[in-house]
Amino acid sequence: MRRPFPKDEPKRLQMSASFVPPKAAKNYGIWIDGAWVSGEGQEIRATNPANGQAVSVLHEATEADVDLACKSARAAFELGWGTSTGERRAEVLLRAAAGIRANAEELAWYEMAESGKPHKQARAEIERSAMLWDYAATQARSLTGESFAGLGEDYLAMTLRVPIGVAAIITPWNFPFLIISQKLPFALAAGCAVVVKPSEMTSATTLLLGPLLKEAGLPDGVCNIVTGSGRVTGEAMLRHPLTRMISFTGSTSVGKHAMKVGAEQLKKVSLELGGKNAHIVMDDADLDAALDAALHGAFLNAGQSCNQGARLLLQKGIAEEFAGRFIEAARSIPVGDTLRDDILMGPMINEAQYRKVLGYIETGKSEGARLALGGTYREENGGRYIDPTIFTDVSRHMRIAQEEIFGPVCAILTFETLEEAFEIANSTGYGLSAGIWTGNTSAALKAARRLEAGTVWVNTYLDGPAELPFGGVGASGIGREVGRIGCEEFMDVKTVQFRSGGYQPRWIGKAI
Ligand code: NDP
C-alpha cells in the first residue's frame, strides 16, 4: 500500500529570541550608499497608534538628500549591479530572506508598534514577506528574452530584458513591510538600483532593511532608503531625473499625481492604489467557508486594506441567514490592545483616518442604510478604536457603496441573478480585487471573466502566493507587482538584430 505523501510543513520563523522591545524611541538617520547619514530636514516622530508613544525618530530627507540618494543609486547601477549575474543577485536575495527570518521578532515588533496591527498578524506578515524575497531570488536566475530564428538566412534576432535603471519606490502605512517586499526584491532581482521611501508613520521596518541588505552582500548604493513626508521627500523622488521608474502604492489621488509628474519626464509609472472590492456569496456556496473569508476580508487590519472585501454581495436565497451569521460573528471580533494574542483588530492609524471613517458611518446613516452592527468607537490610552461596523439595506449608488472608506466598515448589498451581481460589483470605477463563493463551475468561470478586477478569488479570499501577479485596473492602478511579471515590470525590453552577411544596400545603393 502506498503511504500518503507528507504534506509540506510551513516554514517556521526562526525568531531572534533575544529581541527585547525598547523602552525609548529609536533614532534613525537615512540610509545612503550603504551607511547612515543624517537627513538635513526636520525631525519626524512616528508614534504607536495604540498608545501615542513615540516609536521612531526620523529625519526628513530634503531635495538635496534625495539627490544624493539618486546619484548613489545610479553609480551603483552603472558600477555593476545592473550587469551582475542573476546568480549573484539571487544569492543576495536568499541571504536577505534568511536575515529577515533571523530578525523577524524585531521587525514584527516595529511593524506592530508603528502601524497598530495585532502582534500575531505582524509576525505572520514578516514571514510572508520573507517568502517574497525567497521567490524573487528564483526570478533573478530566470530572466529570459525571446529568440527569432525565422527571419531569414544570416539573420538572427533576440529580445533582452534589461533593468530600467534607478527606480523610486514609495510605500504606504497599512502593510509597510509586506508592500516593500512586493516591490524591492523584484526590483533588485531585475538588476535595478533603488531609492525607497516608506510612509513617515511606518518607516522603521523599511529602514532596518538597510543594514540587513548590506550584511546580505548587497553592494553599497544599490538600495537607498530615505524618510520624510510625501510632500518633500516623495515629491523630490518623483521629479528627480535619475529615477527612470516610479513604483507607488497608496491613495488614488496621490497615484494620479505621481503619474502626472512622471509623465513630464516620460518615466515608467506603476501604481497600486485603493479598492472597493466586491465579495460575492451565491446561494449554492459553502457558507461556512464563505463566512470566515467574508469576516477576514472585511475586518483584517481593521479594514485598512486595499484588498478589503468592503462590499458583501449576497444572493437573495441566503442573504438574510448569511447576513445574520456575519453580523453575529463580527460582533465578537476582539478589538483592542495589539499585544494580546487573541486581538484581531487594533486601532485606526491616526486621528485623520479615525475621523474619516466615523464621517463615513454618519454618511451611511444619513443615506438611509441600516446600521446593523457597530458604529461604536472609543479612545483609550491614546488609541482610537472603531468596532466592526456593518450596514444593511445598502443600495449600490450610496457613497458607502462607492467610495473607499479604509476602516472596519462593511456594506451588505443583495442581488438575484449573477448578471446583477456583476453589475453591482463593476459599478465603482475601482478594480483591485473581487471574490466569489459558489458551487457552480460555470458561474465561477463567468465571474473570473466578467468581474473587472486585477485579481478574482473563487472560493477563497486574500490568498497571495509569491508566484501570482498583483495589481488593479481602473482607479485601482496600473502595472503589476509580484510574480514573474512583477520582476519584468522593473525591466525594459531591448531588441537586438544580427546579420552575419547578406546585407542588401538599400539607401545610397550600388549606383554610388
Ligand atoms: P498616500 O497616498 O497619501 O501615501 C502613500 C505614500 O505616498 C506615502 O509614503 C506618502 O508619504 C507618499 N506621498 C504622499 N504624497 C506624496 C507626493 N506628493 N509625492 C510623493 N509621495 C507622496 O496615502 P495615505 O497614507 O495618506 O492614505 C490615504 C488614503 O490612501 C487612505 O485613506 C486609503 O484610501 C488609501 N491608501 C491605500 C493603500 C493601498 O494599499 N492601496 C494604502 C494606504 C492608503 P507620507 O505619508 O509619508 O507623507
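This is a predicted model: local features need pLDDT of at least 70, side-chain atom pairs count only at pLDDT 80 or more; totals for chains, interfaces and linings use all residues.
Figure 1. Residues are numbered from 1 along each chain as its sequence is written, and side-chain values use heavy atoms, with hydrogens and water left out. Domain 1 consists of 26–273 + 476–494 and domain 2 of 278–458; these bounds come from an automatic or database domain assignment. The contact (heavy atoms within 4.5 Å) takes 22 residues from domain 1 and 28 residues from domain 2. Between them the two domains bury about 1900 Å², with 56% of this on carbon and sulfur atoms. Buried area here is the accessible area (1.4 Å probe) that two parts lose on being put together, summed over both. On the domain 1 side, P49, W173 and S476 lose the most area to domain 2, together 27% of what that side buries.

**Figure 2. The nonpolar cores.** A nonpolar core is a set of buried Ala, Val, Leu, Ile, Met, Phe, Trp, Tyr and Cys residues joined through side-chain atoms within 4.5 Å. Buried means under 20% relative accessible area, exposed over 50%, and partly exposed in between (1.4 Å probe, protein chains only). The largest core has 87 residues, and those with the most contacts inside it are I100, W133, L184, L209 and F490. Helix α5 (residues 176–190) gives the most to this core, with ten residues. Helices (H or I, at least four residues) and strands (E, at least two) are DSSP runs, numbered from the N terminus. Not counting residues up to four places away in sequence, L184 touches W133, I169, V194, V196, L209, L213 and C223.

**Figure 3. Surroundings of N301.** N301 is placed in the loop between α9 (287–299) and β14 (311–315). The residue counts as buried because its relative accessibility is 6%. A polar atom of the N301 side chain lies 3.1 Å from the backbone oxygen of N174. A polar contact is a pair of N or O atoms within 3.5 Å; within protein, one must be able to donate a hydrogen and the other to accept it, and residues adjacent in sequence count only if both atoms are side-chain atoms. Leaving aside neighbours within four places in sequence, N301 is in contact with K117, Q121, N174 and F175.

**Figure 4. Cysteines without a partner.** The structure holds zero disulfides, a disulfide being a pair of cysteine sulfur atoms within 2.5 Å. For C192, the nearest cysteine sulfur is that of C487, 8.6 Å away. C192 counts as buried, at 0% relative accessibility. The sulfur of C410 is 16 Å from the closest cysteine sulfur, in C306, and is therefore too far for a bond. C410 also counts as buried, at 1% relative accessibility.

**Figure 5. Two loop residues with positive phi.** Most residues other than glycine have a negative phi. N381, not a glycine, has a positive phi of about 45°. N381 is found in the loop between β16 (377–380) and β17 (383–386) and is exposed, with a relative accessible area of 67%. V482 also has a positive phi, near 70°. V482 is found in the loop between β22 (477–478) and α15 (483–488), but this residue is buried, with a relative accessible area of 4%.

**Figure 6. Surroundings of H119.** H119 is placed in helix α4 (residues 119–140) and counts as buried, at 12% relative accessibility. H119 and D341 are 222 residues apart in sequence but 7.2 Å apart in space, C-alpha to C-alpha. Not counting residues up to four places away in sequence, H119 touches E105, A108, W109, M112, T338 and L339.

**Figure 7. Surroundings of H59.** H59 lies in strand β5 (residues 54–59). At 18% relative accessibility, H59 counts as buried. Leaving aside neighbours within four places in sequence, H59 is in contact with N27, Y28, I30, G39, Q42, E43 and T227.
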